[in-house]
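Here are some exercises to work through with the structure open beside you. Try each task before reading its solution.

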Amino acid sequence: VNILIAEDDRVSALVLRRTLERAGHEVTVATDGEQAWAEFRARTYRLVISDWMMPGMDGLDLCRNIRESGADSYTYIILLTAKAQREDRLAALDAGVDDFLSKPLNQADFTARMKTAQRILTWEMQLQDVNETLMRNAMELAGQATEIDRMRKEAEYLATHDTLTGVLNRRAWFHLATDGHPTAIAIFDVDHFKQVNDEFGHPAGDNVLVTIASRLAEALGPTVTVGRLGGEEFGALFRFSLGTATSDCERAVAAVPATPIALPNGQVITVSVSAGLSPWLGSLKLREASLARTYEAADKLLYEAKHAGRGRLSTGSPIAA
Amino acid sequence: VQEAASDGQVFNISQLFESAADDRELARDLCAQFLESADEAWGRVLTAIQRGDAPAVEQAAHSLKGSCWVIGAEALGAALQDLETAAKSGAVAALGHLVTAADRERARLLPRLTPGLHEEAA
């Protein structure tokens, strides 16, 4: 154990130092309270043996300072004293003293007190080890929880988003269409997409899909939910009036071919989309049946747009659908 | 007038060996340390008395008393205890007879430690 002795009487200090060193301890001797306090602050001591009466800072003040220092580990303090009065001992205990040793030093008494001190310090060190292990485990668990949460979010994202374009996938989009109370739905289809794939290859086709998804999402704005329904087909869910949905769709249909798309091979092409927009058809309660009806109407309108020359929007009324 | 202390009270070698845990080398070193520091410690007692500084007398007497108890200098230790107690009450001016008594015990002790120290401790 690393031991600090605070003792102004050199003969008493010598007895303590030699006895403790013989027992295998590392000992530092300070000749007054101030020196002991400076030594304690400079280095961690698990055990302090201090005289009560010393010039300047006495043993009780030294003890109070140690207790108020907020050291990480516990310091066991033994006070050397000839004072046997009950109130003196109570004052020392109140200052934070753990045990007492009478002067002159009785070896048997000293050995017994040291055993007690070492037993308590050993427990304290074991407790500290357990605490450190618990802290490490807690931090590890917290790290694992963070990782699990990250993986859960990633899995959730992968389950609901199209990995190529980043918009909602078909399943998530239809789920929102059923439960999200849209006022209208639109279906967008890339015109002549097969030719893009055939002529420029599938990587170029993927590049076109990513660009179009991005342009649709940007043109339609954050209140409209865009999803990839499959192949080159995208869906949009609207929450406002049909008039607003119509102007949003017109803007999106116009935005797609407005800027040519650069392909990975350096070529540049212009691609258009056709769209069919239908207001919500049917009951608010029978959601799935109504969705099927609305989707079918939008799909019909999309093909009307295709037949009318592509690169345009076709809208319809419930009657027309 | 105080009664003179017995030889055993002047230097109780059993106490010295008790303090040293029967380690002869340590016993010798303790006596040597006492001889090395006792004059200076006694000087601090006298200086404090001359200054009329009661707390300093109490502190200096207390410190030297601790050394006495360790080596078994019981008579000098008792005389210093009287000085310490008197100084604690603040009566520095009335310490003359206690200083004389302590000095007398000191004079009796030192020859016991000096020439025959090694033989006696051995």
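Predicted model: local features only at pLDDT ≥ 70, side-chain atom pairs only at ≥ 80, totals over all residues.

Residues are numbered from 1 along each chain as its sequence is written, chains are lettered from A in the order in which they are written, and side-chain values use heavy atoms, without hydrogens and water.

**Exercise 1.** Find how many residues of chain A are in contact with chain B, and which residues of chain A lose the most area.

*Solution.* Start with contacts (heavy atoms within 4.5 Å): 19 residues of chain A meet 25 of chain B. Next, take the buried area (accessible area, 1.4 Å probe, lost on putting two parts together, summed over both): the chains bury about 1,900 Å², 56% of it on carbon and sulfur atoms. In chain A, the most area is lost by A:Arg10, A:Val11 and A:Met53, together 31% of what that side buries.

**Exercise 2.** Count the salt bridges between the two chains.

*Solution.* Look for a side-chain nitrogen of Lys or Arg within 4 Å of a carboxyl oxygen of Asp or Glu. The count is three. A:Arg22 and B:Asp23 form a salt bridge, with their closest N and O atoms 2.8 Å apart.

**Exercise 3.** Work out which residues B:Phe34 touches.

*Solution.* Leave out residues up to four places away in sequence; the partners then include A:Val11, B:Leu64, B:Cys68 and B:Leu113.
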